[in-house]
Amino acid sequence: MTVDRDVIEAHEQASPDEVSRATVVAYAVAAALLVGWFLFGWLVLRQGFVDSVGESAGAGFALLLIISVVGTVRRSRR
């Protein structure tokens, strides 16, 4: 069995796109807001634990969908 070492080495040396510090901070802020939204619904509005989890999860998935669409549009412009 023969393996082309040049192809493997070139593939391993390719650096992935790095995530900027601002992106990590934005994700942390979004996570904190989702946790705050959960606690607000559960403790302040008293809408129930499961309802609060569902509402926060729905908001989180919607946010992930928006991030995915924006990322796809940005990559297609390159």
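Helices (H or I, at least four residues) and strands (E, at least two) are DSSP runs, numbered from the N terminus. The model is predicted, so local features need pLDDT of at least 70 and side-chain atom pairs count only at pLDDT 80 or more, whereas totals for chains, interfaces and linings use all residues. Residues are numbered from 1 along each chain as its sequence is written, and side-chain values use heavy atoms, with hydrogens and water left out.

The protein chain has three helices and zero strands. Along the sequence the pattern is α-α-α. Accessible areas come from the Shrake-Rupley method with a 1.4 Å probe; for residues, only the protein chains shown count as cover. The accessible surface of the protein chain is about 7000 Å². Carbon and sulfur atoms hold 65% of that surface. A residue is buried under 20% relative accessible area, exposed over 50% and partly exposed in between (1.4 Å probe, protein chains only). Of the 78 residues in the protein chain, 8% are buried.

Two of the helices were examined for length. The expected span of a helix is 1.5 Å times one less than its number of residues. Helix α3 covers residues 49-76. Its 28 residues should span 40 Å, and the end C-alpha atoms of α3 are 41 Å apart, again in agreement. Arginine 46 follows α2 and has a positive phi, near 50°.

The buried residues of both helices were then traced. In α2 (21-44), Ala30, Phe38 and Gly41 are buried. The cover of these α2 residues includes α3. In α3, Ser52, Ser56 and Gly60 are buried. An α-helix has 3.6 residues a turn, so residues three or four places apart point the same way. The buried residues of α3 pack against α2. Serine 56, in helix α3, has a relative accessible area of 10% and is therefore buried. Contact means heavy atoms within 4.5 Å. Leaving aside neighbours within four places in sequence, serine 56 is in contact with Leu34, Trp37 and Phe38.

Aromatic rings were searched next. Rings of Phe, Tyr and Trp (its six-membered ring) pair if their centres lie within 6.5 Å; planes under 30 degrees apart count as stacked, over 60 as edge-to-face and the rest as tilted. The whole structure holds four aromatic pairs. In one of them, the ring centres of phenylalanine 38 and phenylalanine 49 are 5.6 Å apart and the planes stand at 85°, so the pair is edge-to-face. This pair links distant parts of the chain, with phenylalanine 38 in helix α2 and phenylalanine 49 in helix α3, eleven residues apart. Phenylalanine 38 is buried, at 16% relative accessible area. Phenylalanine 49 is partly exposed, at 46%. Ring pairs join Phe38, Trp42 and Phe49 into a cluster.

The surface carries a nonpolar patch of about 1000 Å². Patches are made of residues with over 30% relative accessible area and no salt bridge: like charges are joined within 9 Å, nonpolar side chains (Val, Leu, Ile, Met, Phe, Trp, Tyr) within 5 Å. A salt bridge is a side-chain nitrogen of Lys or Arg within 4 Å of a carboxyl oxygen of Asp or Glu. The members of the nonpolar patch include Val35, Trp37, Trp42, Phe49 and Val50. Helices α2 and α3 each give two or more residues to the nonpolar patch. Helix α2 gives the most, with seven residues. Valine 50 lies in helix α3 and is exposed, with a relative accessible area of 64%.
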